[in-house]
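Please read them alongside the coordinates.

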Amino acid sequence: MTATTPAPNTAATTITTEPCPLTQAQLDALSRQIKHWGKALGFAHIGVADIDLSQHEADLQNWLNKGYHGEMNYMASHGMMRARPHELHPGTLRVICARMDYLPPDAGFASNLTDPNLAYISRYAGGRDYHKMIRQRLKKLGDQITEHCKTLGFNDTDFRPFVDSAPVLERPLADKAGIGWTGKHSLILHPDAGSWFFLGELLVNLPLPLDIPIKEGCNTCVACIKSCPTNAIVEPYVVDARRCISYLTIELQGAIPEEFRPLIGNRIYGCDDCQLVCPVNSQAPVTAETDFHTRPALFQPELITLFNWSEALFLRQTEGSAIRRIGHKRWLRNIAIALGNAPANPNIINALEQRKHSDEVDDMVLEHIDWAITQQKQKAPQEALSRKTQRVIRAIQKGLPRDA
Ligand code: B12
Ligand code: SF4
Ligand code: SF4
C-alpha cells in the first residue's frame, strides 16, 4: 500500500491527521520486521488486523442485553467502543495482535482435579501477573517501530499497547489477525498452539499489510460445551459469564449463588475445563517464560493450608500475581466452598469452625463457611467427584498425557 492508498476503514482514515508517507514496500518490510522483533520479545505469534469489528457489534450488544456480563459493569460502560478501536485511540489504522503462551511445565491438571483436598488454580495464574509484563513488551515493540519509522522519515508514528483490561474485543481482533480461530468456548485457538495463551494488542496509525484469518477448525466437536461444569457455554461461541467459574471465583464481589457452589468443586481461582477437554490442546507448547511457571506455594496446594493463610501471608505469597487482586476475603470465600465440596473430614470442619472466630472474615465469608460446614456434616465419607469432573479427568489423561 502506498502513502496515498486509503486504509479499508473509512472512519479511521478521516481521523488520521498526517497521512503515512511509507511506501507499500517499506510497510511490507516493516511488517516482517515487527514479527521478528515480536519473537525476540517473547511473543509466539504476531498478526495484523484492520479495525473493522462492525460485524461483532450486534453479538456484543446481544450479550450485554442478556445480562451475560453480570456485575462486570466495565463491559457495558464503554458502549460500542469495544468494537471500535479507532474510538478508543483516535488515528488507529491497524491492530498488531500478539500471543504469549502461558502453559507451565508440570501442569498436573488431572492429578490436581482428582484430589479434592487440593486447590485447583487456573494455570494462567500460578506465576507472575501477565498484564504489566505483556504491556511493557508491547510498548518496547511500539518504540522499535517508532524508531524504525523515523529512519524512514516518518516522525508521527503513534501507538498504544493494551492487554486484557482495555475496552476492546481482543478475541475477534486476534481472529482477524490470524492468531487463531474462535473456538466454541469463545477462546482463540490455533492448530499448533492450542489455546493456552494470552492476547495483547498494539494499536498503531500505520497502514500495515493485513494478515489472513485461519480456517475455523472445531467442526462437529462440542466437547467444551458438554464438559463445562456449570453449563456456562450457553450456545456455541457464547459464554454466560454469570455461570462461568472464572467469573464466580474472580470477578464476582459478593456471595456466590448456592446453585453453583457444589459445581465449583476444588476450583478456587478460575477454571480450565473447557480448554482441558479441547483436542486442539494436545500438542500445545509449554511457555518459554519462567515468570509464568507456578510458584511453589501454589503448586497443587492443600486447601486447608491455603485456608489458614492470614491476610498478611496471602499478600506476601501472591505478590506480583493476578490472584492478589481478588483480596483475602474472596480468597477465603472460594476456599470455603472447595472445603465444603471436599470429602467429609473432621479436620476440615475444625479448620472451618476456627476461621469463624477470626477477625479476617466478614458476613459474606461467614455465610460461605456455614454453608461448607453444613455440606461437610451432610455427606458420607469419601463421596465421589462429580461425573462431569471424572469425565474431564479421563479426557486429560487420554488427550494431554504430558500435562496430566
Ligand atoms: C470479560 C472477560 C471474561 C469473562 C467473560 C468471558 C466471555 N467469554 O466473554 C469471564 C470472567 C467469564 C472470563 C473468563 C475467562 N477468560 Co477472559 N476475558 C474477558 C475480557 C476482559 C473481555 C471478553 C469479552 O469482550 N466478552 C464479551 C463477548 C461478547 O465477547 P467475545 O467472547 O470476545 O465474543 C465475540 C466472539 O465470540 C464473536 N462471536 C460471537 N458469536 C460468534 C459466532 C461465530 C461463528 C464466530 C466465529 C464468532 C462469534 O463475537 C463476539 C463479539 O460480540 C477479555 C479481554 C478483552 N478485552 O477482550 C478476556 C479474555 C477473553 N479472557 C481470557 C482468558 C484466558 C480467560 C479464561 C481462560 C481464564 C480462566 N482460566 O479462568 C476464562 C475462559 C472462559 C471462557 N470460556 O471464555 C483471554 C483469552 C485468550 C484466548 N486464548 O482466547 C482474554 C483475551 C484475556 C487476554 N488478554 O489474554 N473472561
Ligand atoms: S472456564 Fe470453566 S466454567 Fe467457564 S466456560 Fe470454561 S469450563 Fe465453563
Ligand atoms: S473443545 Fe472442540 S468445540 Fe470446543 S473449542 Fe475445542 S475443538 Fe472447538
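1. Cys278 is buried, because 27 C-beta neighbours lie inside 10 Å (buried means 20 or more other C-beta atoms within 10 Å of the residue's own, exposed 12 or fewer, partly exposed in between, with C-beta atoms placed from the backbone). The model is predicted: local features need pLDDT of at least 70 and side-chain atom pairs pLDDT 80 or more, while totals for chains, interfaces and linings use all residues. Residues are numbered from 1 along each chain as its sequence is written, and chains are lettered from A and ligands numbered from 1 in the order in which they are written.

2. Cys278 sits in the loop between helix 12 and helix 13 (303–307); helices (H or I, at least four residues) and strands (E, at least two) are DSSP runs, numbered from the N terminus. Residues up to four places away in sequence aside, Cys278 touches Gly183, Leu189, Ser195, Ala223 and Cys224, a contact being two C-beta atoms, placed from the backbone, within 7 Å.

3. An unreviewed UniProt entry lists Cys218, Cys221, Cys224 and Cys278 under "binding site"; UniProt positions follow the numbering used here, feature names are shortened, and annotations may be inferred rather than shown by experiment. These four are spread over 61 residues of sequence but cluster in space, with a largest C-alpha distance of 10.3 Å.

4. Cys218 belongs to the loop between strand 7 (197–204) and helix 9, and touches Gly183 and Lys184 when residues up to four places away in sequence are not counted.

5. The unreviewed UniProt entry also gives "binding site" for Arg82, Asp164, Thr182, Ile188, Leu199, Ser246, Cys271 and Asp272. These positions span 191 residues in sequence and their farthest two C-alpha atoms are 25.2 Å apart, so they do not all gather at one spot.

6. Ile188, in strand 6 (residues 188–189), is buried, with 22 other C-beta atoms within 10 Å. Beyond four places in sequence, its contacts include Thr182 and Leu199. Asp272, in the loop between strand 10 (267–269) and helix 12, is buried with 26 such neighbours inside 10 Å. Leaving aside neighbours within four places in sequence, Asp272 contacts Phe109, Ser122 and Arg123.

7. Helix 18 (residues 387–399) buries Thr389, Val392, Ala395 and Ile396. Seen down the axis of helix 18, the buried residues fall within an arc of 115 degrees, so they line one face (the arc is that of directions from the helix axis to the C-beta atoms). Their cover includes helix 6 (109–114), helix 9 (223–227) and helix 12 (273–276). The face turned away carries the exposed residues Arg387, Arg394 and Lys398.
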